[in-house]
Amino acid sequence: MPVYKLYYFDARGKAEHIRQLFALAGIQFEDIRITAETWPQQKDDMPLGQVPVLEVDGVKIGESVAIARFLGREFKLEGKSSLDNAILDMIGDVIANAFNVDGIKQWPYVLNGIIKEDKQEYFKNKVLPALDLFAPNVEKYLLRNNNGLLVGEQETWVDVYVAEFFSKFIDYGEKNCLDAYPHILELIARIHSIPSIRKYIEARKPTLC
């Protein structure tokens, strides 16, 4: 069994779906939480100078989607065909791009108090309009597959990724912010009701973002 180490800050951010993939697969890993004080010394040890980073038997892999895709293959949480996997890759890239859109990109800094904005007003005026750029396309694929998942008939790494991404808007923003996207809400409920993921979520400590 490989030895896995995940490096990220003490936040959900761009690494929480990776933690949940380990929970879903029932695989142990070392969850290394980097602090603001230790990050300057650790940054040069990361392959791209950023996190998350997954270390597998001493080899470090950067980029959150690349890590999730790798674990999807390792844990058999991928599509049944090359075409299915291409669609999963596409949706994964959509979510990765969403993290970098104005409004969503700055939101963690607002939640942490680094950017001095009223949190509720910022969410309403900046985050929700950005969310509406991406949610309709994800909703469309859930509607097309018509079984509560994005592709195929079993949970994949992208289902976990998408559920975690959108659940943050509910947890840190507004409880009803996804009411216009019932299939996304259904996906979140389905993924987060999987016993191993539910157990992980119930045990995790609260973080600011």
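**Rings, core and domains**

Phe-9 is partly exposed, with a relative accessible area of 29%; here buried means under 20% relative accessible area, exposed over 50%, and partly exposed in between (1.4 Å probe, protein chains only). The structure is a predicted model, in which local features need pLDDT of at least 70 and side-chain atom pairs count only at pLDDT 80 or more, while totals for chains, interfaces and linings use all residues. Residues are numbered from 1 along each chain as its sequence is written, and side-chain values use heavy atoms, with hydrogens and water left out.

Rings of Phe, Tyr and Trp (its six-membered ring) pair if their centres lie within 6.5 Å; planes under 30 degrees apart count as stacked, over 60 as edge-to-face, and the rest as tilted. The rings of Phe-9 and Trp-39 have centres 5.5 Å apart and planes at 75°, so this pair is edge-to-face. The pair links distant parts of the chain, 30 residues apart: Phe-9 belongs to strand β1 (residues 4-9) and Trp-39 to helix α2 (residues 39-42). Helices (H or I, at least four residues) and strands (E, at least two) are DSSP runs, numbered from the N terminus. Trp-39 is buried, at a relative accessible area of 17%.

Another pair is formed by Trp-107 and Phe-123, whose ring centres are 5.3 Å apart with planes at 45°, so it is tilted. Trp-107 lies in helix α5 (residues 107-111) and Phe-123 in helix α6, so this pair ties together parts that are 16 residues apart in sequence. Both Trp-107 and Phe-123 are buried. Ring pairs also join Trp-107 and Phe-123 with Phe-99, Phe-165, Phe-166 and Phe-169 into a cluster.

Rings meet charges too. The charged end of Lys-60 sits over the ring of Tyr-7, 5.2 Å from its centre, and that of Arg-144 over the ring of Tyr-141, 4.7 Å from its centre. For a charge to sit over a ring, NZ of Lys or CZ of Arg must be within 6 Å of the ring centre and within 35 degrees of the ring normal.

The contact between them takes 17 residues from domain 1 and 18 residues from domain 2; contact means heavy atoms within 4.5 Å.

The largest nonpolar core has 68 residues, and those with the most contacts inside it are Leu-71, Leu-150, Phe-166 and Phe-169. Domain 1 and domain 2 both give residues to this core, so it lies between them. A nonpolar core is a set of buried Ala, Val, Leu, Ile, Met, Phe, Trp, Tyr and Cys residues joined through side-chain atoms within 4.5 Å. Not counting residues up to four places away in sequence, Phe-169 touches Ile-104, Trp-107, Phe-123, Val-127, Leu-131, Glu-174 and Cys-177.

Cys-177 itself is buried, with a relative accessible area of 11%. Its sulfur is 16 Å from the closest cysteine sulfur, in Cys-209, too far for a bond. Cys-209 counts as buried as well, at 12% relative accessibility. A search of the whole structure finds 0 disulfides, a disulfide being a pair of cysteine sulfur atoms within 2.5 Å.

Helix α1 (residues 16-25) is mostly covered, with 8 of its 10 residues buried; His-17 and Ile-18 are among them. The helix is followed by Gly-26, whose phi is positive, near 70°. His-17 and Ile-18 are also partners of Ser-64, which is in contact with Lys-14, Pro-52 and Tyr-161 too, leaving aside neighbours within four places in sequence. Ser-64 is found in helix α3 (residues 64-74) and counts as buried at 9% relative accessibility.

Pro-52 is joined to Val-51 by a cis peptide bond, with omega about 15°, and its place is in the loop between α2 and β3 (53-56). Asp-57, in the loop between β3 and β4 (59-62), has a positive phi near 50° without being a glycine, and it counts as exposed at 53% relative accessibility. Asn-146, in the loop between α6 and α7 (157-172), is not a glycine but has a positive phi of about 60°; at 62% relative accessibility, Asn-146 counts as exposed.

Terms used: Domains from an automatic or database assignment.
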